[in-house]
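Colleague: I'm new to reading models like this one. Could you walk me through a few features?

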Number of protein chains: 2
Amino acid sequence: MNTRPAPASAWSVEAHRDRVEQLLRPLAWREIDRVPMTAALGRRLAADVVAPVDLPVFRNSAMDGYAVRSASLATVPVTLPLAGVIAAGDHGGTPLPDGAALKIMTGAPLPPGADCVVPVEDTVTDGVTVTIEQARATGDFVREPGTDVRTGDLLVAAGTLVAPRHIAVLAAVGLTTVPVFRPVHAAVLTTGDELVPAGTPLGPGQIYDSNGIALAAALAANGVEVVSIEHSRDDAASFREQLTAATESADVVFTSGGVSKGDFEVVKDVLATLGGEFGSVAMQPGGPQGLSVIGGVPVLSFPGNPVSTLVSFEVFARPILRELAGLPAIPGYAVPLRVPVRSPAGRRQFLRGRLESGGVTLVSGPGSHLIAAMAQADVLIDIPAAATELAAGTTVEVREL
Amino acid sequence: MNTRPAPASAWSVEAHRDRVEQLLRPLAWREIDRVPMTAALGRRLAADVVAPVDLPVFRNSAMDGYAVRSASLATVPVTLPLAGVIAAGDHGGTPLPDGAALKIMTGAPLPPGADCVVPVEDTVTDGVTVTIEQARATGDFVREPGTDVRTGDLLVAAGTLVAPRHIAVLAAVGLTTVPVFRPVHAAVLTTGDELVPAGTPLGPGQIYDSNGIALAAALAANGVEVVSIEHSRDDAASFREQLTAATESADVVFTSGGVSKGDFEVVKDVLATLGGEFGSVAMQPGGPQGLSVIGGVPVLSFPGNPVSTLVSFEVFARPILRELAGLPAIPGYAVPLRVPVRSPAGRRQFLRGRLESGGVTLVSGPGSHLIAAMAQADVLIDIPAAATELAAGTTVEVREL
């Protein structure tokens, strides 16, 4: 038996998530960077961008062919004298002589006097004249200025996550920079005397510190810029010093470990004296949680087990961080369980699962230390707090990791 | 009338895509980078990674509580003398005296002699003794070594796109670097005398070069590293020189423009003499396409209209590039048209659309110059070549841009 019911005083998952979101939502109003177009991909536009020019800028040919007056094609077939060639990039000032044709390339400016283009495929030429078989109407194969967008029209709205197609139009109107929100800056601070950095030989009782790098990766994958990844020993003075540095450099701080019921809970001990709230959320894994504001900076304190840390991030931080970054919401589905599940009463359980044809299976038991198993998962399975036994085939909510 | 049937000699979309994929698939076997864990996020793992240690590394406590022998709890309630405290990070060598309890923190090594842990919530202590109400079995709240993963077990398989949960387990076993495939390197080379760089005033007949930066963004958004973005005038010697530089620096080259039926088709003119194949694909937009191999490097030649360029990228390059990068396939759906659609006979049409409740609407007509409209789209609507008129309500395939 390795699971327990939630304490009667536990916060609900929804209540804790709401409080995290309330604390983080003001970060939507962070500073604006004006970045070169090449740096705008994946950033959130901070202001509406309107067209500084018409698109097309000038009347031009939609095809390689011949610019003519449609009136010249009143009787077909007709043979017209060739009066020259207009290439794309030509200034386009040479007028079309009456009753003649000008060879024209796609995108080249329509000459004054011409009102349509005959595609080259529909013509025969001897190099001096061109013979046209089919009548054309005014405007055929002509792109009129402003038919794509007019000066002053909205090109891309504030809040848009900048994708290649947005960059295409912003570049097409000649813009070189765009206003985007700078990313949220986060600091990561792990705790635990048992933790040693990767690359160090393990002594007895020691484990590798994976939470720092894993939280940093989870933040980066969700549009956040990680400004520091630090580790503190279970010592109040050290932790306080590193916490101060973190809150001075970041918009939000994430701590791991030191929030439970042990004798050396440095995160809880220090932050509780600074007004932080620590308690138990009715969930598994990830029950012990803390929430503080230090110097105006939100500090989210997750438990230290690696699975608890990552699940806490998924449940409490990831949705709001994606919203702040302008990233799409995490996809979720309702799918049948392929195996029966037992769950402790009163705790919402987030099991690691794998989508397969016909439903979702578990990749491991509920243990918060099963980090290798979690790497095999692709979804979190959300088991409601009230559920204690779910038969195979029961529909459950899952969301992508 | 601005649309035309496909020429009888046109290649099908499927045939051209197959040839592009055949040319690009060998790029799966590119070199391997051994990168620090922090740089592995979003990269494709180049080799299986197996566990160099067991996880957990040692037998440890799953809870803050008391390490005891389960035999000491044969009769409950029982009051046991407290023999000390074991913190996380302690070496764990001190044995549990017979008939006593050792206070123990989550993650701390279980002392020799103890076989279970009693959670602190289920105990009462006066600081000298601890009173336990409930019997416990061997193994309760104990994490055994190797129960998450055993030395030599597969941790993360070759080909996996590295996500935060993979970084968590790779860091947890103490790895500092991982082998990943380096990204595909691409060069972008746009052509057209009418193009000028953004930030320059437009002269008559000139437009801004948006294809370079848009293609570069599209490549970057799909796991490709862009090594150069260059523009060539419609001059064979200049183009040949820039093409050589591009093929010498990249795994694949993308050109835009110069592939149609005009008099100054520099891309087609140069590459056709070097063995490139140029022709028409039965699609709209994006009909004229070229495919060459120069010095062993595939060169994809897209038409120059900005919408044609981006649609060509979506249809021919993006699926295989995502596969090479280990990124998930592009989501596609079958949805009803909210409006009727007309389409030229014999051409597969890729219309720009927007998903709304109840189906998909068009954001613009078929014109390949409507780049501002494309920025408003979120899907490409795939209209089969045989279709000429589709009523509102007809189910069509769409895929996300």
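Colleague: Where does A:P56 lie?

Modeller: A:P56 sits in the loop between β2 (49-50) and β3 (60-61) of chain A; strands here are DSSP runs of E with at least two residues, helices are runs of H or I with at least four, and both are numbered from the N terminus. This is a predicted model, where local features need pLDDT of at least 70, side-chain atom pairs count only at pLDDT 80 or more, and totals for chains, interfaces and linings use all residues. Residues are numbered from 1 along each chain as its sequence is written, chains are lettered from A and ligands numbered from 1 in the order in which they are written, and side-chain values use heavy atoms, leaving out hydrogens and water.

Colleague: What kind of peptide bond joins A:L55 and A:P56?

Modeller: Most peptide bonds are trans, and most residues other than glycine have a negative phi. The bond joining A:L55 and A:P56 is cis, with omega about -15°. Over in chain B, the bond from B:V76 to B:P77 is cis too, with omega near -5°, and B:P77 is in the loop between β4 (65-68) and β5 (78-86). As for phi, A:F141 has a positive value near 60° without being a glycine; look for A:F141 in the loop between β9 (129-132) and β10 (142-143) of chain A.

Colleague: At what angle do helix α3 of chain A and helix α2 of chain B pack?

Modeller: Two packed helices are described by the angle between their axes and the distance between the axes. Here α3 (residues 211-220) of chain A and α2 (residues 164-172) of chain B pack at about 165°, with axes 8 Å apart. Axes are lines fitted to C-alpha atoms, for helices over the stretch in contact, and angles run from 0 to 180 degrees between N-to-C directions. So α3(A) is roughly antiparallel to α2(B) (over 145 degrees; under 35 is roughly parallel, 65 to 115 roughly perpendicular and the rest oblique).

Colleague: Which residues of α3(A) and α2(B) make the contact?

Modeller: A:I213, A:A214, A:A217 and A:A218 from α3(A), and B:P164, B:I167, B:A168 and B:A171 from α2(B). Contact means heavy atoms within 4.5 Å.
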